[in-house]
Amino acid sequence: MTTKNLLQAIGEGLAEEMRSDETVMVLGEDVGRAGGVFRVTQGLMDEFGPFRVMDTPLAESLIAGAAIGLSVNGMRPVAEIQFADFIPPAFDQIVNEAARFHYRSNGAWSCPMTIRVPYGAVPGGALYHSQSVEAWFCNTPGLKVVAPTFPADAKGMIKSAIRDPNPVLFLEHKRTYRLIKEDVPEEDYSVPLGKARVHRGGTDLTVVSYGLMLHTALEVARKISNEYDIEVEVVEPRTLYPLDKETILDSVKKTGKLLVISEANLTGSFSGEIAAIVAREAFEWLDGPVMRLGAPDVPAAAFAKPMLDFFVPSAEKIEAAMLELARY
Amino acid sequence: MSAESENKGDGGVETREESRNGGAVATNGEHLVDLYKKMILVRTFEEACQRGFRQGKIGGYLHVYIGQEAVATGFLDAYKEGDAVITAYRDHPHALLLGSDPKNVMAELYGKGTGIVKGKGGSMHLFDVKKGLYGGYGIVGGHIPLGVGFAYAMRYQETDHICQLYLGDGAMSNGAFHEAANISGLWGKDGMNPCLFIIENNQYGMGTSVERTTAMTDLAAKFDAYGIEHEKVDGMDLEAVLEAAHRTTEQVRETGKPYVVEALTYRTAPHGAGDFFEKYRTKDEVKKWRERDPIGLLEHKLLERDELDEDKLEEIKSEMKETIQEVSKFADESEEPAMEELYSDVYSGSDEYMGEE
Ligand SMILES: Cc1ncc(C[n+]2csc(CCOP(=O)(O)OP(=O)(O)O)c2C)c(N)n1
Ligand SMILES: [Mg+2]
C-alpha cells in the first residue's frame, strides 16, 4: 500500500486496466505525449504506444463520438474531455447517441465507454474552466454519472467504470487532484458504481456532498463536533446517477435532517433531486426543512479572486448552514 | 496554392509573389516606425504579464502572443471604425492594438475592478465593444460561427464594415469551424459575408503540432471545400503582413465575400504561462524560429534603411518599459471588484436580478 493523491490513483487505475485488458484505450487532447494537462495520463503513451493512447485533434464531439464507435466494436475506450466546460459539443454524442444505444437496439449494442471529465471551480478558471456540469447529464437514463472524491475510491471506480457495459461519465474535481493523499491498495480491487459511502456517523443531521465540497463539509463536521458536540453524518453519493437512495434515506431517517452541498449553480442542480427524494420518501422522519447550499445563480465563477471565493460555498457558510439546521 | 506557399517548418516561409515584396501598400518609414512601436508595446506588455504571473499577481490561465506580434499588428493596421474583431483566448494584443487602455487590460489580468470587464473575465475573455473587440473566447472554435453572423448583419444593415476573424490552427479541427466556413462561403456568393478569416498558424495547438492533427496540413486550402479563396503570408514579416492585410480587408469590404489569409507564425513562448515542460518541440526548433523573430526582423530593416539607429531603438524600448511599469503599478494598486458585480449583467432588458444566493 502506498499513499497517492487523486490524480495518481486514477492514473494507476487506468494503467492497470490497460495492462489486464488489451481493448482498453485512452483518447483525448494532449493525453499522450504531454500526459494530459493535469498529468493523469502521464506515462501511458510510453507504456502502451500511440495506437492505444491517442492525442486527438481539438474536437470534443469527435472524441465522444469516436469512443462510441470504438466501444460498440469491441474496444473499451476511456475518453478525456480536457475541462468539463468543453463538453457541450460532445453533449449530442453522449446524450443522444451513447445513452440510447442499448435501448434502441433491443439490447444488441451497448457502449462500454468511459468519459473522464475534470470539473469544478479553480482560481482564475473563470467562465470556461470552472463549471460543474453534472446536472446536465443526470437527466439522461442510459448514462451513468459518477463523481468519486477520495483517491482509493477513484482508483476502484475507474476500474468499475471501464468494466461497466454502459457509458459512464467520470467526474474529477480539479481542485481535489492534489488536495490529499491516502493509502491506495496495490492489488486488484474495484469499488462498485451505484453505492454511496458514509464518511462519518452522526445523529444530529445528514450532509450529502461530493467533490471539493465534501472535503470542506468533513472539515466543518469535525470542527462543530469539537466545538458544539453536534454530530453530522456525512454521506458521499460517489455515483450521482443512478443514485444510491437507500443509503441517503437510511441516514436521514436516523438524523431527521438533510443538508445537500454542491458547487453547481443552485437552481436546477442535482441537489434538488436529492432533496426531492428525501422530501417524498423520508417525510415522516424529517425534523427540519431540507436545505441546500450551492453557487449563486450567475453565469460563472468569475475571475477575480474575491468573486471566486464568494461563488464557491465556503467553510463559514457551510458551518452556518449546519448549525442552523442542527438547531432547528 | 500549396506548391507556391509552403511552410518549410524551420521558420522559412515562401509566400505569394505580391506579398513578398511589400506589394501594393506603400509602407513609408514613419508608418513602419509607428508599427514597430506597437509591436514593442505588445511584447513589453506580454513580458510584464509573464512577470506578473511568476510573482503570483496574475492567476489562472495566461497565454501570451510573443513571437506572433506581426500578425495582429499588421492586420489591425487595416482596421476601420465599425469593423468587428473577434479572436480566441490569446487576445491581449488585439485589445491593445485596437486602442483599449493597457491599464484596464492589465487590471483585468490582475482581477481588479478597474479591469476591462471589471475583473470578471481575466486574460482569456477581454471585451471592448466600443473599440471593436467583440471578444476573446475561451472555448476554442466556439467564436467562429459568431463572426460569420456578425458579418452577415453588417451587410444586411448596408454598412461597409467587415469582421476580422482570428483563429488558431488548432481551432480548425473543430466542427464549429467547418460549419461556419461552409455558410460563410455560401452567403459570400451573394456578397453577404464580409468576413476575413485570419489563421494564426503558430504550428501548434497546445502540445499537438499541425502534422499530428490533420493529414491535410495546408490549412488555408481547407477553405477550398467551402468555396472561399485564400492565400498565405509570412507572419513573421510585418511588411508582408501589412500588404496582405490592407489589400484583403479592402477586397472583403468591397465584395462582401469572405477571404482567408493564413499567417505562418510561431509562438516562441510556451502555450500557457504555467507550462514549464515543453516535450513537444525541440529547443533547436524554437531557436530557429527566434532567428526570424518579427521584432528582430523589423529592427533589421529599419536599421538597414536608416529609418532609426541603435540608440533610437533602445530609447523606444526603454520608454515602453517605463510605460508598462506604470501599467502594472496601476493594476497592482487598483481595488478589487465590488461583490455586487458578480450579479450585474446576468440578464439584459431589466435591472431586476432573477436569481438569489
Ligand atoms: C472547446 C475547447 N477544447 C479544448 C480547449 C483547450 N485548449 C485551449 S487552447 C488549445 C489549443 C488551441 O490551439 P490553437 O487554436 O492553435 O491556438 P494557439 O494556442 O496556438 O494560439 C486547447 C486544446 C478549449 N479551450 N476549448
Ligand atoms: Mg496554434
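Which residues of helix α4 (residues 88-97) of chain A are buried? The legends below give the answer. This is a predicted model: local features need pLDDT of at least 70, side-chain atom pairs count only at pLDDT 80 or more, and totals for chains, interfaces and linings use all residues. Residues are numbered from 1 along each chain as its sequence is written, while chains are lettered from A in the order in which they are written.

**View 1. The buried residues of helix α4 of chain A.** Pro89(A), Ala90(A), Gln93(A) and Ile94(A) are buried (20 or more other C-beta atoms within 10 Å of the residue's own, with C-beta atoms placed from the backbone). They lie on the same side of α4(A), because they cover an arc of only 125° around the axis. The arc is taken from the directions that lead from the helix axis to the C-beta atoms. Helices are DSSP runs of H or I, at least four residues, and strands are runs of E, at least two, numbered from the N terminus.

**View 2. What the buried residues of α4(A) pack against.** Two partners belong to chain A: α3 (60-72) and β5 (114-119). Another is α7 (175-189) of chain B.

**View 3. The side of chain A that touches chain B.** Here 30 residues of chain A are in contact with 35 residues of chain B (C-beta atoms, placed from the backbone, within 7 Å). Helix α11 (residues 305-311) of chain A gives the most to this side, with 4 residues.

**View 4. Chain A as a whole.** Chain A has 12 helices and 14 strands. Of its 328 residues, 57% are buried. Its C-alpha trace spans about 60 × 45 × 40 Å along the principal axes.

How values were computed
Two residues are in contact if their C-beta atoms, placed from the backbone, lie within 7 Å. A residue is buried if 20 or more other C-beta atoms lie within 10 Å of its own, exposed if 12 or fewer, and partly exposed in between; C-beta atoms are placed from the backbone.
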